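Dear colleague,

Please find below the structure that I am handing over to you. My findings follow it, arranged by region.

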Amino acid sequence: MNFTLKIWRQHDRNSKGKFVEYKASDISPDMSFLEMLDAVNRDLAKKNEDIIAFDHDCREGICGSCGLYISGRAHGPQRGVTTCELRMRHFHDGETIVVEPWRAKAFPVIKDLIVDRTAFDRVIQSGGYISVDTGSTPEASSIPIPKANAEEAMDAAACIGCGACVAVCKNSSAMLFMSAKVSQLALLPQGHAERKIRVQRMVHQMDKEGFGHCSNTYACEQECPKKISVAHITRMNREFIRAAFW
Amino acid sequence: MVLNSKIPEGPIQQKWDNHRFNIKLVNAANKRKYTIVVVGTGLAGSSAAASLAELGYNVISLCYHESPRRAHSIAAQGGINAPKNYKNDGDSIWRLFYDTVKGGDYRAREANVYRLAQVSGNIIDQCVAQGVPFGREYGGLLDNRSFGGAQVSRTFYARGQTGQQLLLGAYGALSRQINSGRVKFFGRREMLDLIVIEGQARGILARNMETGALESYIGDAVVLATGGYGNTFYLATMAKYSNGTAIWKAHKKGAFFGNPCFTQIHPTCIPLSSDYQSKLTLMSESLRNDGRIWVPKKAGDKRNPKDIPEEERDYYLERLYPSFGNLVPRDVASRRAKEMCDKGFGVGSTGLAVYLDFADTIKRNGKEWVEEKYGNLFDMYHEITAENAYETPMRIYPAVHYTMGGLWVDYNLMTTIPGLYVIGEANFSDHGANRLGASALMQGLADGYFVIPYTIGDYLASTKFPQIKPDHPAFKEAERNIQELIKKLLSIKGKQTVDEIHKRLGKVMYDHCGMARNEAGLKKALQLIPQLREEFEKFAYVAAWEYKGNGLNWELHKEPLAFEYVKPSTRSYK
């Protein structure tokens with residue numbers, strides 16, 4: 001297969017970026033999107049040109065490092081997959097593919113397609129955990145948790161922190177990301193001691209980082225590679241209101 | 001040098017308790033006077049950094065990624081072992097200890113393995129308290145499954161994402177300490193050298209990968225938690241960033257390398273389909289609990305698997321190992337699969353695959369049951385191969401997955417360099433020659449949560465540390481050396497990309513140092529690798545041949561060529 005790529009190139013945080021056109025030829029339909037970029041980079045390297053920088057690591061859809069905005073879709077046209085899992089067979093031969101980094105105020109571009117997502121880390125640092133020191137814990141099975149709750153907590157915990165929800169949101173809101181953590185910990189009895197302070201601190205930090213608010217368009221759920229449900233946003237809102245009044 | 005493993009006295013059940021009593025403690029008020037540099041934020045690194053900070057130490061934590069949560073522990077799927085005996089099926093600390101030593105082909109240190117089995121139960125308690133959503137029974141209690149090579153059900157799991165959930169738990173603990181200020185975290189840093197001053201590990205030199213600057217990090221002890229070296233094989237299940245540099249640099253500074261030959265080849269990976277492939281994808285071996293492995297009885301049988309009747313299939317693991325069946329340890333399952341393929345029984349277009357068939361389980365328990373248990377793995381398989389494994393058997397083939405070898409450490413997890421500790425996959429300690437399933441997560445967290453916080457105190461309390469500043473000559477010298485190395489690497493201007501050279505190195509490793517090894521192959525690899533290195537480093541040279549006598553081979557002498565005035569490039573006369 002052959003493709004024309006329009007790729008965002010930006011030298012560093014402070015430079016101005018632009019789209020540059022590249023050809024990707026003899027691409028096998030079984031290649032992943034990143035393997036296709038590897039091939040383009042190999043050719044660039046041989047011509048002694050600066051290769052296209054993109055973040056990646058596990059290449060099996062779990063580390064959350066990769067994340068490209070592909071022809072207007074976060075992680076490309078397939079539902080429920082990350083960029084590294086996306087195969088070229090889902091594109092048409094001869095297609096022009098536009099590749100951009102995540103666009104959000106809270107995710108500044110570092111270079112080409114790599115953005116700085118440490119705002120997510122700071123949101124978690126503000127309270128996205130259960131405060132428990134090593135060793136000070138009761139026997140694991142001492143607190144029974146209904147299977148349905150445990151399963152729902154797991155659905156939320158499946159978030160890989162890639163940032164697609166922010167990139168696709170017209171408000172650049174981090175509500176889906178944040179609510180997944182709030183919801184997970186609110187569903188488990190272990191998380192109840194800090195449920196009030198947790199949601200308040202995290203919301204405060206989210207605002208501080210420059211993420212927008214949720215206006216219920218649900219593009220985030222649609223584009224989330226782990227199909228995290230917006231129901232968690234509802235639960236987070238409930239937690240937030242509860243924290244204010246009770 | 002005589003290696004002293006420092007195994008404590010006493011019967012094996014009491015060694016760890018005795019040791020914890022006998023080692024020196026750092027007074028609670030004095031802990032804040034010490035700084036510990038922890039490199040890597042996978043299960044071992046995150047749990048160690050968090051636990052040490054909770055104790056009151058100053059911790060500097062660094063990782064290659066932007067965020068600690070992206071370390072490759074996150075990709076572990078199957079589970080984590082602990083002998084809680086919740087299933088009432090005869091499990092015990094002793095049985096986990098025994099299984100691990102035996103599974104490791106009797107090449108692990110008994111005292112370490114026993115300690116690992118002892119603390120494994122605490123890990124589960126810790127993770128549950130952190131909110132790790134382990135799989136549960138309808139009664140609300142924790143579920144267990146049997147896993148890779150165990151006859152009891154002792155594996156705790158969070159769907160097929162156990163590593164992710166455990167890492168996010170440890171990441172939460174680490175985040176809490178970053179928030180408290182006791183951990184200073186630095187992302188996108190690559191460790192490029194270990195700094196040893198007066199025989200003590202006192203810090204590291206790291207490269208800031210955004211700015212390219214070299215930075216010094218000083219501590220009273222250094223803990224490496226940087227994972228294994230499986231990516232030397234190029235095609236492995238390792239993440240692309242797991243490059244093994246940190247332990248290699250420490251090795252060059254004097255830390256012994258233990259059992260480098262022990263590489264685990266995992267039996268259930270998606271087979272290689274062509275040469276552009278950048279990595280191999282593992283599917284949890286929990287699939288072997290319910291899938292049956294087979295090949296056609298007739299070599300070279302290219303029929304659609306559905307058209308091969310039951311009596312013409314060879315369920316070779318069930319045939320060869322009636323009591324373990326498809327659940328034999330990883331090394332055994334991998335070796336048998338390779339043998340079958342080498343004899344021509346392999347399936348798929350390359351002939352390098354065997355079937356893993358769920359038809360019987362689907363018939364017995366229904367598709368929904370399989371979907372609930374393994375849905376994400378079936379989806380992953382479908383995305384990669386475009387095949388529906390509910391309808392046609394999966395194809396699997398072994399791939400490099402884990403390195404049991406690593407830097408040598410004593411019972412305290414300290415290397416041959418005083419003050420340098422190595423934890424998790426990066427050390428060699430607990431798995432002998434073969435790691436059992438669901439034991440890597442266990443060891444990473446055991447080292448980080450429950451071993452290093454005790455043992456490092458003994459060293460700190462009994463050692464004197466001279467004051468060191470970033471302008472110390474040792475740091476300056478390391479910086480100069482690394483600058484020079486980087487300059488040298490960047491000025492090669494070769495014709496092949498780094499990836500291409502890496503691929504070729506991987507092929508040499510795979511062909512001669514993979515699942516089957518012999519003297520001739522290893523010797524060949526020892527010739528091929530230096531040649532490859534030379535090709536990489538000295539792309540331009542004068543070949544001067546020396547006549548060694550009649551009937552003897554000429555000897556090649558190379559004069560490297562440096563270009564200062566003319567920039568080498570592809571010649572063009574257009």
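Helices here are DSSP runs of H or I with at least four residues, numbered from the N terminus. Please bear in mind throughout that this is a predicted model.

In chain A, the loop between α6 (195-209) and α7 (219-223) holds N216(A). This residue is not a glycine, yet N216(A) has a positive phi of about 55 degrees. For context, most residues other than glycine have a negative phi. Is N216(A) buried or exposed? A residue is exposed if 12 or fewer other C-beta atoms lie within 10 Å of its own; N216(A) has 8 such neighbours inside 10 Å and therefore counts as exposed.

E198(B) counts as exposed because it has 10 C-beta neighbours inside 10 Å.

**A helix pair in chain A**

Two packed helices are described by the angle between their axes and the distance between the axes. The axes of α5(A) and α6(A) cross at roughly 175 degrees and come within 11 Å. Angles over 145 degrees count as roughly antiparallel, so α5(A) and α6(A) are roughly antiparallel to each other. On the α5(A) side, the contact is made by M178(A), V182(A), L185(A) and A186(A). These meet R195(A), R198(A), V199(A), M202(A) and M206(A) of α6(A). By class, the contact between the two helices has seven nonpolar and two charged residues, and no polar ones.

**The sheet in chain B**

Chain B has an open sheet of five strands in the order β12-β16-β15-β13-β14, with antiparallel pairing. Which strands stand at the edges? They are β12 (263-269) and β14 (313-314) of chain B; each has a single partner strand, so one side of each is left without a neighbour in the sheet. Helix α9 (residues 330-342) of chain B packs on this sheet, where α9 touches β12, β13, β15 (354-357) and β16 (394-403) of chain B. The direction of α9 makes about 70 degrees with that of β12(B).

Strand β13 (residues 292-296) of chain B pairs with β14(B) in the antiparallel sense over two bridges. Within this pairing, V295(B) has D314(B) as its bridge partner, and P296(B) stands opposite R313(B). Three bridges join β13(B) to β15(B), and these strands also run antiparallel. Here W294(B) has Y355(B) as its bridge partner. Four of the five residues of β13(B) are buried, so this strand is largely enclosed by the rest of the structure.

**Where the two chains meet**

With kind regards

How values were computed:
Residues numbered from 1 in each chain as written. Chains lettered and ligands numbered in written order. Predicted model: local features only at pLDDT ≥ 70, side-chain atom pairs only at ≥ 80, totals over all residues. Pairing = 2+ DSSP bridges. Contact = placed C-beta atoms within 7 Å. Axes fitted to C-alpha atoms, helices over the stretch in contact; angles between N-to-C directions. Buried ≥ 20, exposed ≤ 12 C-beta atoms within 10 Å, placed from the backbone. Parallel < 35°, antiparallel > 145°, perpendicular 65-115°, else oblique. Nonpolar A, V, L, I, M, F, W, Y, C, P; charged D, E, K, R; others polar.
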